[in-house]
Amino acid sequence: MPRAFRFGVSLLTPSPAAEWRAKCRRAEELGYDVILVPDHLGMVAPFPALVAAAEATERPRLGTFVLNAGLWNPTLLAREVATTDALTGGRLELGLGTGYVQSEHEAAGLPYGSPRERVDHLRRTVEELARLLGAADHLPRPAQSRVPLLLGGNGERMLRLAAEHADVVGFTGARLVPGTTTGKLEPVDAEAVDERVARYRELAAGRAEPAELNLLLQLVAVTDDPEPVLKPLLERQPGLTLERALALPIVLAGPLEEVVARVRTQRERFGFSYLTVLEPYMEAFAPVIARLREESA
């Protein structure tokens, strides 16, 4: 049996308290299973934002998507994780990554390092969090016996780390543009995603419990005419045709029934049962969630 779908929304825009709570309640009303926040300068601080989301909602899980490990000291992060899990009633899911925006590290006065150094720091962070949060004498105590861990990344060493430690593995369906310092990404095609997922499965073959696989969708539009919606993407990616753009795993655009069928197909092909959309597409994706829930009822 395929794993049941889960749907998350990543809330990007800083908002006053009342507006933030209203946004979170709306996500719950629309059927999202997880309310997520990123870890970028200029966006909301992850942990207080999630505590506020918990106070405004009852059902959704709450996650970081994903923390930039290079901005965090593991011992201090353990305190944040434990406190947030306790204050949200055990609803926290911890997402971690190496960080990919060099300019943010520079703005924070922190070293960016090489890809190897960033993965090494993430590994130390994961292992130290497991040690600290698993210690009986660690205070504060999280509400959960284990806070679920999502690791996001596509590189060989990241996939190996995820195979060893992650409850959820996050795939981006995009890669960093060579030479960028601002985190500019370019999409990759379905064959490239196939290869990365297959490599992860190879590395994780000995696991007792399979991990959940997540995909971050970059564009969602339920429409009979997707070309105008995709025009900005095509302008940013001059070599991309409309046909190829519609086939990208991170793009869902078309009539409702086609989009719903595409979501099912991506679960069958790649194993992506946990899909995340960005805040601007929260409303657009809601009919897809509703239709998939109707079919599984």
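Start with helix α1, residues 17–29: E29 and R26 sit three residues apart in it, about one helical turn. Helices here are DSSP runs of H or I with at least four residues, strands are runs of E with at least two, and both are numbered from the N terminus. E29 and R26 form a salt bridge, with the closest N and O atoms 3.3 Å apart. By salt bridge I mean a side-chain nitrogen of Lys or Arg within 4 Å of a carboxyl oxygen of Asp or Glu. E29 is exposed, at 59% relative accessible area. R26 is partly exposed, at 33%. The cut-offs: buried is under 20%, exposed is over 50%, partly exposed is in between, using a 1.4 Å probe and protein chains only.

A word on the model. It is predicted, so local features need pLDDT of at least 70 and side-chain atom pairs count only at pLDDT 80 or more, while totals for chains, interfaces and linings use all residues. Numbering runs from 1 along each chain as its sequence is written, and side-chain values use heavy atoms, leaving out hydrogens and water.

Back to charges. The whole structure has 23 salt bridges. Helix α6, residues 156–165, holds E156 and R160, four residues apart, about one turn. Their side chains pair at 3.4 Å, N to O. E156 is partly exposed at 31%. R160 is partly exposed too, at 39%.

Next, E195 and R196: their salt bridge is 2.7 Å, N to O. Which of these is buried? R196, at 17% relative accessibility. E195 is partly exposed, at 42%. There is also a network: R6, R61, E93 and E212 are joined by salt bridges that share partners.

Now the core. A nonpolar core is a set of buried Ala, Val, Leu, Ile, Met, Phe, Trp, Tyr and Cys residues joined through side-chain atoms within 4.5 Å. The largest has 82 residues, and Y32, L96, L151, Y200 and F285 have the most contacts inside it. Apart from that core lies another, of nine residues, including L150, V168, Y274 and L278.

Last, the second largest pocket. Its volume is about 350 Å³, counted as the space filled by probe spheres set on grid points joined across faces, edges and corners. A pocket is an open set of points on a 1 Å grid over the protein atoms alone, where a 1.4 Å probe fits, with protein on both sides within 12 Å along at least five of seven lines; lining residues have an atom within 4 Å of a point. α10 supplies the largest share of the lining, five residues.
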